[in-house]
Amino acid sequence: MSDNPYSTAVLAWYETNARDLPWRSPDASPWSILVSEVMLQQTPVVRVLPAWQAWMERWPTPADLAEEPSGEAVRMWNRLGYPRRALRLHACAVAITEEHGGRVPSDHAALLALPGVGSYTAAAVASFAFGQRHAVLDTNVRRVLARAETGIEYPPKTQTKGEAALAESLVPGPPSVAARWAVGVMELGALVCTARSPKCADCPIAGQCAWRLAGKPAHDGPPRRAQTYAGTDRQVRGRLLAVLRDAEHPVPKDSLDAVWDDGIQRERALDGLVADGLVDPLDDGRFALPG
């Protein structure tokens, strides 16, 4: 086992405090775990849970989703945000069905080769679905390690090689322990070592945390700005997609024009949706979800 001074405390804390989430169930399928990981990117659990449940009821296997047009995945995504993720999941389902016999591959390299699957998602699925040994480095884990090991309040905006090396050095040796460590330290960041209001009194590794022991020095890097939504192209895109999701048939252009007064911004948002493959412009001038 690697020299991990935190694993015993974190694993004990996780056993007692872990949230009961369906994709963590012992009988959760690799597909259900892959779906959860894609949905959870930049989206809180409280919003993902009902969307995940509805998705898995409709498409319990990759083959079920692959049989349908990609537009149905976008429709089912509803208001979860960042809808390109729906297209990626559909492309994953097609690849898994055609190239892997309908079964999510357990090999890390094969996972990484799936459409839209990056290093984090591949490591997470390999760990959580197949109990393998990988460094799983999401925003929550980066924050925990930045505070506990580096003594700074927040990690760099962009993941560094140093962070990846640190995370790898802390992965316990036995794969089963490594997989529990990966989800345990992630949960610690989500519930205790939060970005805005860390609950240091409840932290199992507070006595070893370099940031706390240094007096919790304030962040001295670039200002951290909260993401805005109102008035942005993202909001316009969301409104345009809502019209198409709610329609049983392709819609005329004036139905889209009605959702936003700023014509220049509206057209820019619509062009972006078409370029991203989320909207199909039809030859008769109407618009539809893809497929």
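Contact means heavy atoms within 4.5 Å. The model used in these exercises is predicted.

**Exercise 1.** Identify the buried residues of helix H1 (residues 7–17) and work out how they are placed around the axis.

Solution.
- Step 1. Buried means under 20% relative accessible area. In H1 the buried residues are Ser7, Val10, Leu11, Trp13 and Tyr14.
- Step 2. These residues sit on the same side of H1, because the arc they cover around the axis is only 160 degrees.
- Step 3. Turned away from that buried side is a face with the exposed residues Thr8, Glu15 and Thr16.
- Step 4. Helix H11 (175–191) is included in what covers the buried residues of H1.

**Exercise 2.** Locate Gly102 and decide whether this residue is buried, partly exposed or exposed.

Solution.
- Step 1. The loop between helix H6 (84–99) and helix H7 (108–112) contains Gly102.
- Step 2. The relative accessible area of Gly102 is 22%, so this residue is partly exposed; the cut-off for buried is under 20%.
- Step 3. Leaving out residues up to four places away in sequence, Gly102 touches Pro62, Ile96 and Thr97.
- Step 4. Ala66 is 36 residues from Gly102 along the chain, and their C-alpha atoms are 9.5 Å apart.

**Exercise 3.** Describe the second largest pocket by its volume and its lining.

Solution.
- Step 1. The space in this pocket is about 520 Å³.
- Step 2. Its lining has 23 residues, and Gly81, Tyr82, Pro83, Tyr229 and Arg234 lie nearest the centre.
- Step 3. H6 and helix H13 (233–246) are the elements that each give two or more residues to the lining. The largest share, seven residues, is from H13.
- Step 4. Sorted by class, the lining has nine charged, eight polar and six nonpolar residues.

Notes
Residues are numbered from 1 along each chain as its sequence is written. This is a predicted model: local features need pLDDT of at least 70, side-chain atom pairs count only at pLDDT 80 or more; totals for chains, interfaces and linings use all residues. Side-chain values use heavy atoms; hydrogens and water are left out. Buried means under 20% relative accessible area, exposed over 50%, partly exposed in between (1.4 Å probe, protein chains only). Helices (H or I, at least four residues) and strands (E, at least two) are DSSP runs, numbered from the N terminus. The arc is that of the directions from the helix axis to the C-beta atoms. On a 1 Å grid over the protein atoms alone, a cavity is a set of points where a 1.4 Å probe fits but cannot get out, and a pocket is an open set with protein on both sides within 12 Å along at least five of seven lines; lining residues have an atom within 4 Å of a point. Grid points are joined across faces, edges and corners, and a volume is the space filled by probe spheres set on the points. Ala, Val, Leu, Ile, Met, Phe, Trp, Tyr, Cys and Pro count as nonpolar, Asp, Glu, Lys and Arg as charged, and the others, Gly among them, as polar.
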